[in-house]
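The exercises below concern aromatic rings and their surroundings. Work through each task before reading its solution.

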Amino acid sequence: MSHWNDIYVKLAGNKQVVILVHEKADGDALGSALALALALQDLQHTPEIWYPEEAPAQYHFLPGMEMLRQIPPGPLPANVPVIAVDCADHKRIVYQPFSGSPLINLDHHVSNDYFGTLNIIDTAAAAVGELICRIFTEGGVRISPAMATCLYVAISADTGSFTYSNTTAATFRAAADLLALGADINLVRENLHEKKPYRELLIYQAGLANLVFSPDRKIVGCLLDYATLKTKDILGADTDTLIAMLRATEGVEAAFLLKETAPGTIKGSLRSKSYLDVNIIAQAFNGGGHPRASGFTLNGEIHDLKEKLMQKIAKNLTGGERR
């Protein structure tokens, strides 16, 4: 039985389906969720994507956004199947699943804790979008041009536009198939790469004003405190391109970004270039993710956390260099 049949069995004839993504959703989470919602809609279901805040502005152009509902954290409806997309563990779901309802877990993180009643996890997939593309293809699900566009964005987002080390031949094949199926690469280019919001420049300004390096410059990081973000009205601004720039700096192996999303609540993002497994670092701070890209959320003081984080990274760098 294909993975798609496994999923469909769990839906058990229910027309209503709730799709969840992690908080601070990225292109992989949203693109994958939207493609899945569009597929279910084509099959006469009434899917909804629940999200606790406004979706990131850079993804508003994606097809199917009308199915996203801005709903505060709380209980999920009783007896309604739930599909969690790109959620590395149960803590990344801000809603409380109803006991007894099917919970389908679609993910690619090595740190996934298999919280679903059905778990479809492929850690070799560069993105959940790549996994879902394969599930659709093997299950005989028609991939419309709108779905192809969403899945292309999902894969592109989690591979750094096909430049990260997680990019494989299978990733390129999936992208090629999606283009052949009608993915609108011009729409993606115009909205993701040629329409940078002004707030992104302000994030760069704030981050680079609080830049920190280790003495050997193998570690670089930025601190974004709540007061600065609030004053500049950039609390919800995207930080992915900022940390990508830090990681790309010559001589740097590890990059991090600490963002105080609320007073005393800090979201950490970690990236590495060649050999450091930042998933191990993130797990030490109650987080997780991938070897080259991970994160965590903690309560504390941002400068204290910076010192602890840099010490932990430095300790893991020692002796880790490739000879």
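Helices (H or I, at least four residues) are DSSP runs, numbered from the N terminus. The model is predicted: local features need pLDDT of at least 70, side-chain atom pairs count only at pLDDT 80 or more, and totals for chains, interfaces and linings use all residues. Residues are numbered from 1 along each chain as its sequence is written, and side-chain values use heavy atoms, with hydrogens and water left out.

**Exercise 1.** Classify the ring pair of W4 and Y8.

Solution. Rings of Phe, Tyr and Trp (its six-membered ring) pair if their centres lie within 6.5 Å; planes under 30 degrees apart are stacked, over 60 edge-to-face, the rest tilted.

**Exercise 2.** Is W4 buried or exposed?

Solution. Buried means under 20% relative accessible area, exposed over 50%, partly exposed in between (1.4 Å probe, protein chains only). W4 has 6% relative accessibility and therefore counts as buried. Y8, at 31%, counts as partly exposed.

**Exercise 3.** Classify the ring pair of Y152 and F162, and locate both residues.

Solution. The ring centres of Y152 and F162 are 5.8 Å apart with planes at 50°, so the pair is tilted. The pair links distant parts of the chain: Y152 is in helix α4 (residues 145–158), and F162 is in the loop between α4 and α5 (169–180), ten residues apart. Both Y152 and F162 are buried.

Methods
Helices (H or I, at least four residues) and strands (E, at least two) are DSSP runs, numbered from the N terminus.
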